[in-house]
Amino acid sequence: MIDVAELLRPYREVIEGELDRACRFPEGCPEKLAEAIRYAVLAPGKRLRPALVMMSAEACGGSREDAFAPAVAVEMIHAYSLIHDDLPAMDDDDLRRGRPTTHIAYGEATAILAGDALQSQAFAHLYSRISDPILASRLMGELAIASGASGLVGGQEDDLAAETIELSTFESPSLAQKHLESIHRRKTGALFIACAKMGAIAAGGSQEQVDALARFADAFGLAFQITDDVLDFTSDAETLGKRTGKDSGRGKFTFPDLMAAQRDEESRVELGLAVNPHDADLRSGRSEYDDSETTTRTDIDV
Ligand code: GRG
């Protein structure tokens, strides 16, 4: 089996040096804000997204160095999203990466501002590090679209709304699955896709290579989120009865909950109790995604 931590280690080490240098701000940045930014960015993370940028560059015949600027920029966007996600108005979490969240350590206002600053810094970093203006604008475009209203931010908005959605609101489990996948494709997947594309673009990869890596990252992002949901589910199961909104951060609209609902529906079909028009799909075990270009069967056993 591949030791993922070991695979990521050299990428993590190199990018942490780059992140450290990128988060030393010139005069004008108040000390407390700079400290909060460094606290959030340099906290021990897996650096999965920067690694994906660098690996994609290498897959297209480039070097890790070619990908440093977009790798730093995407980790800045990721760090901002984590700071804001942890705020009381969102997931209201006290711990992140094994230590107090940024708003607990520096106060809510400074945490919001640290996230805001990181968003701009990501683009400032690309602007200042990439001398070819066409390359810089392509990279900035990919990152802006992925992190914007129809990507990360839109996915987060729908994810927050989903906390109060009952699965029974949907006409069928397959429609619920479609909505859940759409949330994850934007909230988590869009940034992974941007990583793969930016790495390929930075290395001068062909459009075919960019597209192929984007398809890989799309599937990877969804698999990552399903795994995250399953880990949440199993850790909640361990603390049976102690799950609260604040602890879990999510309602019952997750892949494990959805799979359980689908299984219930299948049992009803087998017993001849279901009257749902989507029952035919359930009987044949097909989801609506089976025919799409980016097939994403997700009937994992949990
Ligand atoms: C606030 C606009 C905005 C978006 C927030 C990041 C995010 C969107 C939500 C975080 C909630 C969460 C746990 C989502 C699951 C996927 C995810 C982004 C996990 C954290 O990423 P890792 O595991 O974290 O790569 P590290 O700490 O290793 O960088």
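Mentor: Let us begin with helix length, where the expected span of a helix is 1.5 Å times one less than its number of residues. Please keep in mind throughout that this is a predicted model.

Trainee: How many Å should helix H1 span, and how far apart are its end C-alpha atoms?

Mentor: Helix H1 covers residues 4-22, and because it has 19 residues at 1.5 Å a residue, it should span 27 Å, which agrees with the 26 Å between its end C-alpha atoms.

Trainee: Which residues of H1 are buried, and what covers them?

Mentor: A residue counts as buried if 20 or more other C-beta atoms lie within 10 Å of its own. In H1 the buried residues are Tyr11, Ile15, Leu19 and Ala22, and their cover includes helix H2 (31-41), helix H3 (48-59), H4 and helix H6 (108-129).

Trainee: What does the length check give for H3, and is that helix mostly covered or mostly open?

Mentor: The twelve residues of H3 should span 16 Å at 1.5 Å a residue, and the distance of 16 Å between its end C-alpha atoms agrees with that. H3 is mostly covered, since nine of its twelve residues are buried, among them Arg49, Leu52, Val53 and Ser56. Just after H3, Gly61 takes a positive phi of about 90°.

Trainee: Which residues have a positive phi although they are not glycines?

Mentor: As a general idea, most residues other than glycine have a negative phi. Here Asp92, in the loop between H4 and strand E1 (95-96), has a positive phi of about 55°, and Arg97, in the loop between E1 and strand E2 (99-100), has one of about 50°. Asp92 counts as partly exposed because 15 other C-beta atoms lie within 10 Å, and Arg97 is also partly exposed, with 14 C-beta neighbours inside 10 Å.

Trainee: How many helices and strands does the protein chain have, and what share of its residues is buried?

Mentor: The protein chain has 13 helices and two strands, and 38% of its 302 residues count as buried. Among its contacts with a separation of 6 or more, 72% are between residues 24 or more positions apart.

Trainee: Which residues have the most contacts inside the largest nonpolar core?

Mentor: The largest one here has 56 residues, and Val74 and Cys195 have the most contacts inside it. Several helices each supply at least two residues of this core, including H1, H3, H9 and H10, while its largest share, twelve residues, comes from H4. Leaving aside residues up to four places away in sequence, Cys195 touches Arg49, Leu52, Val53, Ser56, Val74 and Ala217. A second, separate core has nine residues, including Leu180, Ile226, Phe253 and Leu258.

Trainee: How many residues surround the ligand, and which are the closest?

Mentor: There are 15 residues around the ligand, and the closest are Gly45, Lys46, Ser81, His84 and Gln156. Helices H4 (68-86), H8 (152-162), H9 (173-202) and H10 (207-238) each supply at least two residues of this shell, with H4 giving the most, four residues. By kind, the shell divides into four nonpolar, six polar and five charged residues.

How values were computed. Residues numbered from 1 in each chain as written. Predicted model: local features only at pLDDT ≥ 70, side-chain atom pairs only at ≥ 80, totals over all residues. Near = placed C-beta within 6 Å. Nonpolar A, V, L, I, M, F, W, Y, C, P; charged D, E, K, R; others polar. Contact = placed C-beta atoms within 7 Å. Core = buried A, V, L, I, M, F, W, Y, C linked by C-beta atoms within 7 Å.
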